[in-house]
Amino acid sequence: MLHWQVDPLRCVGCGECTRECPVGIIILRDGVAGILPHRHKACLRCQHCLAVCPTGAFSVDGVHPDACNPVGELPSPQTVERLLRQRRSCRRFRPEKVDTAIFDRLMRALAYAPTGKNQRQTRFTVVDDPEVMAKLRQQVMEGVTQAAANDALPDGLQFFAALARRYGDGQDIVFRGAPHMVIASSPHDGPSPEADVFIALSQLEILAQSFGLGTLWAGFAAWALRAIVPSVARGLGIPGEHRALYVLLLGYPAVRFHREVQRAPRFVFRVTSDLAAEPWQSPHPPTIAKGSE
Ligand SMILES: Cc1cc2nc3c(=O)[nH]c(=O)nc-3n(C[C@H](O)[C@H](O)[C@H](O)COP(=O)(O)O)c2cc1C
């Protein structure tokens, strides 16, 4: 049930909300905004009306505009670009627990990832305790080892037998000894389950790296949880219909990178005036001078 309220004393009838509403259900009546009759169900609850209103006239689902942060200064493009270039996959982690306050900030930021139709059905299953992580890693790898021994690895995933052997030899290729992990999963009947999962974890990764944490997209762990030991995922409360599932490992890095890598733009094409495509020619080829941004 949507709780959408307009304060008629604040609404100045500017119409910004009517232009902004993505589903077009807000109209002005006698100069005051309101939702079209019988269209409450169409509301995405995206809060754009609340955010765009210059006078703070709307409350949505109990969120009052006066309780919302004003929009502030954004990080500079240079800062964000540097973060994107310097983000590296981390495969060596320190064992200790990430500071609880940092962890909490990361978890709270997950709420801000966009989702298709603002459905926000992505579930985040979070391991915030390194001891729990060790137990879970062991359970997954025991299951993988068992499946390999029983010749029960799914088609295409037979290489997990080698990963299980390496684990037995003390080499954790799947979880890389990370002290934490976040599993994001979404039900398949949503409008964009895979995209929702990847966007949320991408945002999480970038914020985590801005705190100096190491992160790793763990495709091996995701495969294992989805296809080899799905019972472990069920045990964690991840519903069976959550087939879009991915894993991000995180922790303090035990590796320090001393320089950025260089990546040439690949597979970037610009659409030409005759609606064909040609390779992107950068008018500003990357500078590689020291300290350049
Ligand atoms: C979806 C996805 C899954 C990945 N899975 C793994 C993995 O299971 N193990 C691993 O060591 N690296 C994994 N990676 C990391 C990639 O190998 C890495 O991103 C790539 O080599 C580029 O290095 P960089 O992330 O440092 O730029 C994965 C990356 C992505 C995007």
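Biologist: Before anything else, when is a residue buried, and when is a residue exposed?
Modeller: A residue is buried if 20 or more other C-beta atoms lie within 10 Å of its own, and exposed if 12 or fewer do. Please keep in mind that this is a predicted model.

Biologist: Which residues of helix 8 are buried, then?
Modeller: They are F220, A221, A222, W223, A224, L225, R226 and I228. Helix 8 is mostly covered, since 8 of its 10 residues are buried.

Biologist: What covers the buried residues of helix 8?
Modeller: The cover includes helix 5, helix 6, strand 6, helix 9 (230–235) and strand 8.

Biologist: Let us turn to helix 6. Which of its residues are buried?
Modeller: In helix 6, the buried residues are F160, L163, A164 and Y167. Seen down the helix axis, the buried residues fall within an arc of 100°, so they line one face of helix 6.

Biologist: Why would residues a few places apart point the same way?
Modeller: An α-helix has 3.6 residues a turn, so residues three or four places apart point the same way.

Biologist: What do the buried residues of helix 6 pack against, and which residues are exposed on the other side?
Modeller: The buried residues of helix 6 pack against helix 5 and helix 8. On the other side of helix 6, A162, R165 and G168 are exposed.

Biologist: What follows helix 6?
Modeller: Helix 6 is followed by G170, which has a positive phi, near 95°.

Biologist: And where is Q158 found?
Modeller: Q158 belongs to the loop between helix 5 and helix 6. Q158 counts as exposed because it has 11 C-beta neighbours inside 10 Å. Between Q158 and A147 there are 9.6 Å in space, C-alpha to C-alpha, and the two are 11 residues apart in sequence.

Biologist: Now the core. Which members of the largest nonpolar core touch the most other members?
Modeller: V144, A224 and V247 do, in a core of 46 residues. At least two residues of this core come from each of helix 5 (130–149), helix 6 (160–168), strand 6 (180–186), helix 7 (193–210), helix 8 and strand 8 (244–251). There is also a second, separate core of 10 residues, with I25, C49, A57 and F58 among them.

Biologist: What is V247 in contact with?
Modeller: Leaving aside its neighbours within four places in sequence, V247 is in contact with M181, I183, A218, A221, A222 and L225.

Biologist: A change of topic: which residues surround the ligand?
Modeller: The ligand is surrounded by R88, S89, R91, L216, W217, A218, G219 and F220. Strand 7 (214–217) and helix 8 (219–228) are the elements that give two or more residues to this shell. By class, the shell has 4 nonpolar, 2 polar and 2 charged residues.
Modeller: The chain is divided into domain 1 (4–67) and domain 2 (82–251). The centres of domain 1 and domain 2, taken over C-alpha atoms, are separated by 38 Å.

Biologist: How many helices and strands are there in the chain?
Modeller: The chain has 9 helices and 10 strands. Along the principal axes, its C-alpha atoms fill a box of roughly 75 × 50 × 45 Å.

Biologist: What share of the residues in the chain is buried?
Modeller: Buried residues make up 25% of the 293 residues. Among contacts between residues at least 6 apart in sequence, 70% join residues at least 24 apart.

Definitions and conventions. Residues numbered from 1 in each chain as written. Predicted model: local features only at pLDDT ≥ 70, side-chain atom pairs only at ≥ 80, totals over all residues. Near = placed C-beta within 6 Å. Helix = DSSP H or I, 4+ residues; strand = E, 2+ residues; numbered from the N terminus. Nonpolar A, V, L, I, M, F, W, Y, C, P; charged D, E, K, R; others polar. Domains from an automatic or database assignment. Contact = placed C-beta atoms within 7 Å. Core = buried A, V, L, I, M, F, W, Y, C linked by C-beta atoms within 7 Å. Arc of directions from axis to C-beta.
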